[in-house]
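User: Please account for the terms applied to this model, setting each value against its definition.

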Amino acid sequence: MPDMEPHLAEVVDQLRLVFPAGIPEGDADYGPLLVILSDLLCERNLGVVVEAAFGLDRHVVRNQAAAALSIRQPSARQVEQLKQRMVERGWYLEDDES
């Protein structure tokens with residue numbers, strides 16, 4: 001990850017640890033993941049991180065994240081369940097407000 005800010009590289013490393021096989025856009029956890037990442041990252045950085053971790057187009061990811069925060073918003077329960085599974089797999093990053 002050349003030229004990537006260290007804190008973004010850390011998020012990419014964590015995503016690869018938690019989702020070693022990646023995460024396809026159609027996966028049930030994809031929307032909740034975008035919501036979780038939206039709590040940690042600005043829109044631009046979210047796209048950069050998901051592209052680096054999973055090879056998805058950063059611009060498409062940003063649009064999908066906006067949808068996951070509005071018209072296709074996953075339930076709070078889905079988000080919390082995914083967050084718990086991520087922690088069980090080694091995720092340790094949290095948003096600044098928790």
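This is a predicted model: local features need pLDDT of at least 70, side-chain atom pairs count only at pLDDT 80 or more; totals for chains, interfaces and linings use all residues.

User: Why is Asn45 counted as buried?

Analyst: Asn45 has a relative accessibility of 12%. The term buried applies under 20%, and therefore Asn45 counts as buried. Asn45 is found in helix H3 and, with residues up to four places away in sequence not counted, touches His7 and Leu8.

User: What makes H2 roughly perpendicular to H4?

Analyst: The two helices pack at an angle of about 90°, and their axes are 9 Å apart. Angles of 65 to 115 degrees count as roughly perpendicular, so H2 is described in that way relative to H4.

User: Which residues make this contact, and how many of them are nonpolar, polar or charged?

Analyst: H2 contributes Tyr30, Gly31, Leu34, Val35 and Ser38, while H4 contributes Val61, Gln64, Ala65 and Ala68. By class, six residues are nonpolar, three are polar and none is charged. Gly counts as polar, so Gly31 of H2 belongs to the polar class.

User: What makes up the largest nonpolar core, and which residues have the most contacts inside it?

Analyst: The largest nonpolar core has 31 residues, and Leu15, Phe19, Leu33 and Phe54 have the most contacts inside it. At least two residues of this core come from each of helices H1 (6-18), H2 (30-40), H3 (43-54), H4 (58-68) and H5 (76-88).

User: Which residues is Phe19 in contact with, leaving aside neighbours within four places in sequence?

Analyst: On that basis, Phe19 is in contact with Leu33, Phe54, Leu82, Met86 and Arg89.

Key:
Residues are numbered from 1 along each chain as its sequence is written. Side-chain values use heavy atoms; hydrogens and water are left out. A nonpolar core is a set of buried Ala, Val, Leu, Ile, Met, Phe, Trp, Tyr and Cys residues joined through side-chain atoms within 4.5 Å. Buried means under 20% relative accessible area, exposed over 50%, partly exposed in between (1.4 Å probe, protein chains only). Helices (H or I, at least four residues) and strands (E, at least two) are DSSP runs, numbered from the N terminus. Contact means heavy atoms within 4.5 Å. Axes are lines fitted to C-alpha atoms, for helices over the stretch in contact, and angles run from 0 to 180 degrees between N-to-C directions. Angles under 35 degrees count as roughly parallel, over 145 as roughly antiparallel, 65 to 115 as roughly perpendicular and the rest as oblique.
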